[in-house]
Amino acid sequence: MSVMYIRGGTPLEGELTVHGAKNSVLPILAACLLAGGPVTLHNCPRLTDVDAALAILRHLGCGIRQEGRSVTVDPTEAAGSAVSEEQMRSMRSSIIFLGPLLARTGEAHLTYPGGCELGPRPIDLHLAAIRALGCQVTEDRGIHCTGKPKGGEVQLSLPSVGATENAMLCAVGGTGTTTIVNAAREPEIYDLQCFLNGLGARVRGAGGSTVTVEGGLLLHGGEYTVMGDRIVAATLLSACAAAGGRIRLRGVDWRHLSTVLSVLHQAGCRVQSRSEYVELFRDRAKPLRAVPTVRTAPYPGFPTDAQAPVMAALAASEGCTLFVETMFDSRYRHVAELRRMGADITTEGRVALVRGMERLHGANVEAPDLRGGGALAAAALGAEGVTVLSGLHHIDRGYEGLETMLSSLGGAVSRRDD
Ligand code: EPZ
């Protein structure tokens, strides 16, 4: 079992370029099924979720070549239309293959992605979108879709990120024009639009609530550089807020982080946002201030994925912060682990009340999920003493070498892979 040893108390100092975004590269990899030739992706992060997506593409018949953070996907020989249960379970977001697979082959056979640490992960909006595009969907011991998407209007009752992306990918491979209403507005969806248009698609409006797709276009191959990961940046900034010091992050657009930066500024950190970097300074001699309320919401609201890391920083602050998690049922599993470090946090359903402590202390803790793991590492850097963090398989899904990133910024962090 791999563990991380983290000794708190050392302020962070330094500069780092944030790696490519997991939540952008995963739909982009699925979209490679729609390309008319090889696609090379740059700034592709080395993550276990990316490995799972590449395994699915190989299973479907794509050629894959990896060279560092560049990956080439050649879909020319791809002919499969089914993703196995084991593969669907290997990565929660494997449902994103539904739309492109159906558009490419006229059929798609997948199993339910299954719940995950965040609670049930329904896919009703994905299936409704596929039906709205004129395809047949039956659910009989799995999901079976047939038909060529014809285009149409997709009305999303919730601005679901995954359902928006599935609808876009299905529509690009369809014949008519599609309008997606109440689309999610996350920056990763805009990145997907830029990727698709670089292959010859005509997608408009991503980043806003209405996305239009002109179908019937044959896509070619190409190259693309994936955007930086705003949630990894939020995690590193939270770690600096917890430990003190000054860090500068490159490779992310600060505007994608504005709600997180606002909370950390309210807590007493000094934030500098420039087009080419974002910098945070926290004077360790001054305690962080609690922030009245942090409420998660779809973009451009406060990102649910940053809730745990920011809570970890505010667990050692003056005053009380009320968190309201509106996106997922079970996104406070890091609270029990923070309590083991001395945090005073009470949860009731989707609400968590954090009574700030002067300082947390090191403990043996286990990452309950991906962002909870990032949060525990951030908390440990500000805590007194040594923390032993296990459950690193969760962390490796979305952080490429978190221990390397933190130690490169001066954190006393090491990893032992037993
Ligand atoms: C994406 O998940 C991200 N994952 C998540 O990041 C992120 O937390 C989430 O968007 C919200 O921003 C990827 O992009 C790979 P949703 P997704 O569909 O698409 C409900 C991380 O840590 N819903 O926007 O699954 C759903 O239950 C991960 O990197 C339905 O009811 O999120 C949730 O309450 C965690 N029916 C809400 O919508 C559906 O058919 C938002 O989910 C689909 C979703």
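**The largest pocket and its surroundings**

α1 contributes four residues to the lining of the largest pocket, the most of any element. Helices here are DSSP runs of H or I with at least four residues, strands are E runs of at least two, and both are numbered from the N terminus. The model is predicted, so local features need pLDDT of at least 70 and side-chain atom pairs pLDDT 80 or more, while totals for chains, interfaces and linings use all residues. Residues are numbered from 1 along each chain as its sequence is written, and side-chain values use heavy atoms, without hydrogens or water.

Start with the space itself. The largest pocket has a volume of about 1,200 Å³. Its lining has 45 residues, and Arg92, Arg121, Val161, Gly162 and Phe328 are the closest to its centre. A pocket is an open set of points on a 1 Å grid over the protein atoms alone, with protein on both sides within 12 Å along at least five of seven lines; in a cavity a 1.4 Å probe fits but cannot get out, and lining residues have an atom within 4 Å of a point. Volume is the space filled by probe spheres set on the joined points.

At least two lining residues come from each of α1 (22-31), α5 (124-132), α6 (161-172), α8 (230-243) and α12 (370-382). By class, the lining has 21 nonpolar, eight polar and 16 charged residues. Asp, Glu, Lys and Arg count as charged; Ala, Val, Leu, Ile, Met, Phe, Trp, Tyr, Cys and Pro as nonpolar; the others as polar. The largest pocket lies between domain 1 (2-19 + 228-417) and domain 2 (22-225), because both give residues to its lining.

Two or more of its lining residues come from each of α10 (307-314) and α12. This lining divides into 11 nonpolar, two polar and six charged residues.

The model also holds one cavity of 30 Å³ or more. The largest cavity has about 30 Å³ of space. Thr235, Leu236, Ala239, Gly374, Ala377, Ala378, Leu402 and Leu406 line it. α8, α12 and α14 (402-408) each give two or more of these residues. Six are nonpolar, two are polar and none is charged.

Finish with two loops. Pro300 sits between β17 (293-295) and α10. The peptide bond from Tyr299 to Pro300 is cis, with omega near 10 degrees. Asn43 lies in the loop between β3 (39-42) and α2 (48-59). Its phi is positive, near 60 degrees. Most residues other than glycine have a negative phi, and most peptide bonds are trans.

Key: Domain bounds come from an automatic or database domain assignment.
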